[in-house]
Every structure is written in structure tokens, then in C-alpha cells.
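Colleague: Before we discuss the pockets, could you set the terms out and then hold each value against them?

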Amino acid sequence: EESLVKTIYEACQIEVEPVEDVQVPHTLVSEEVLKEALEANPPEWQGGSFTDGTPNTPADKLTRPFTLRRLGNGIRVGIAQNPAESQRGHLRLVAPGGREAEKKLGFKSGSMAVGARAMQEGGAFGPWSREQVELFCVDHLLMVEINCNEESLTIDFVFPTTNVGNVGFGDNVELGITGTEAVLQVVREVIAGFHWEEDALGRSKQSYRSAHESLNKSLEGKSTEMIMAAMTDNDDRYLS
């Protein structure tokens, strides 16, 4: 009994600091930053061009079933309408390379996959912390998934096209930015101001380590691994 009372008394002497409230940003890009970016890099649509014989697409005309264009910085853009999901959009950002680039660039085996998972585990960029970015995505109903396959690094976004993150009620309501603008802000920050975090890298490595150990404990998983090793001549890109 005395030991229990002593433990409780010692616990009561420990100073408790309140948890700091996380300020959720209403927008990731301020009007001033947006204005400076537009002046430095004026947006411009360019026609789509192809090397497989497909006719070039004009920059000022919608084509069906896909509209293919190119931004002024060279990024290719393909847009298609999905009548099955109204007020909902899906954006996929594709960067060529993937696991194939590990050998070409002299990286360690698995580094591209681990890096992609570290981006998924992290999320801090610009002046914003990971917690702020996560809450921004929750408030604006954004879903983000980052993966690395053999040929490319892909970042998938699912978002609403309506106004989200509204502030106030009734006559005092202030409309927030649309989900489309919110997701494009995230894309901009991922490309221009992403912060690599040591703890996110650690969680990424642990995730792959746990998956590998679980695979080797499964008869079906181990059999699949051995078959893939025989078929690919022990190519690390296709193994765990």
C-alpha cells in the first residue's frame, strides 16, 4: 500500500505541459506567393506532341475521349471526364524512373521504393509540419497515396471538386478553396518544397522489413518469392 501511495505521489509531482494546438492552414499557398509565382512563370497551355505517329493535339481545343496537352514547363497533362463520379476528381502524377532507375543512377537496391514510402510516411513541406499537412488534407477531403513500381514513381490524389474547408456559419460563412485548388497546392509543395524527415525514413525501412519477414513466414509468399527469383534471374526489383 505504501509503495502504491509513493508511486502515485511521485507521479503527481511531475510537471505536465499542455499539448500545443496545431494550427490548420486554410491554404498552403498565400495570395502573395501565388502572385509572385504567376509573374515569374506565367502559365501557358501548349499542344500535345507525340512520337508514335499520333496527331498533335491543339492547345485551345478539347478532344474526346482524352484531352492531351503540355504545360509551359514541359509537363504532359492528360484529362478525361468520368460521368460515374460527380463532384469528384482523381489526379495521378507520374515521374518516369522507378526501380529501373536504381541501377542507371547508381543507387542502392530498393532505395527508390524506400524513398517513396518515406514520402508517404512523411508529409512536411514548405513552412508546414506533417501534422498541419495531414489536417489540411482531412479538412479538404484529400486522399494521397505514393507508390514506386518498376517503371515510375506515382502519386495518386482523390479529391472533391466543390468548395471545402468553409469557415463560419449562416450569413457569415466564408467559402474555402475548392478541392481542386487544394490538391494542386499539395502537388506544388511536393514538387517544390518537400522536406525529408529522418523518422519517416525509419518507418519506411521498418515497414519493408516487416513485410519481408512476414513474406518469408508464409508458405504461399515464400513460394511466390522463389518463383519470381527463378523467372527474373534474382532481379532485386521483383523481390522483397
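Modeller: For the classes, Ala, Val, Leu, Ile, Met, Phe, Trp, Tyr, Cys and Pro count as nonpolar, Asp, Glu, Lys and Arg as charged, and the others, Gly among them, as polar. This is a predicted model, in which local features need pLDDT of at least 70 and side-chain atom pairs count only at pLDDT 80 or more, while totals for chains, interfaces and linings use all residues. Residues are numbered from 1 along each chain as its sequence is written, and side-chain values use heavy atoms, with hydrogens and water left out.

Colleague: What makes a set of points a pocket, and which residues are closest to the centre of the largest pocket?

Modeller: On a 1 Å grid over the protein atoms alone, a pocket is an open set with protein on both sides within 12 Å along at least five of seven lines, and lining residues have an atom within 4 Å of a point. The largest pocket has a volume of about 2200 Å³, a volume being the space filled by probe spheres (1.4 Å probe) set on the points, which are joined across faces, edges and corners. Of its 48 lining residues, Leu71, Val77, Leu91, Leu184 and Val187 are the closest to the centre.

Colleague: How do you know which classes make up the lining of the largest pocket?

Modeller: Sorted by class, that lining has 29 nonpolar, 12 polar and 7 charged residues.

Colleague: Which helix gives the largest share of that lining?

Modeller: Helices (H or I, at least four residues) are DSSP runs numbered from the N terminus, and H6 (179-193) gives the largest share, 10 residues.

Colleague: What makes up the lining of the second largest pocket, by class?

Modeller: That lining has 7 nonpolar, 7 polar and 8 charged residues, and its largest share, 6 residues, comes from H7.

Key: Helices (H or I, at least four residues) and strands (E, at least two) are DSSP runs, numbered from the N terminus.
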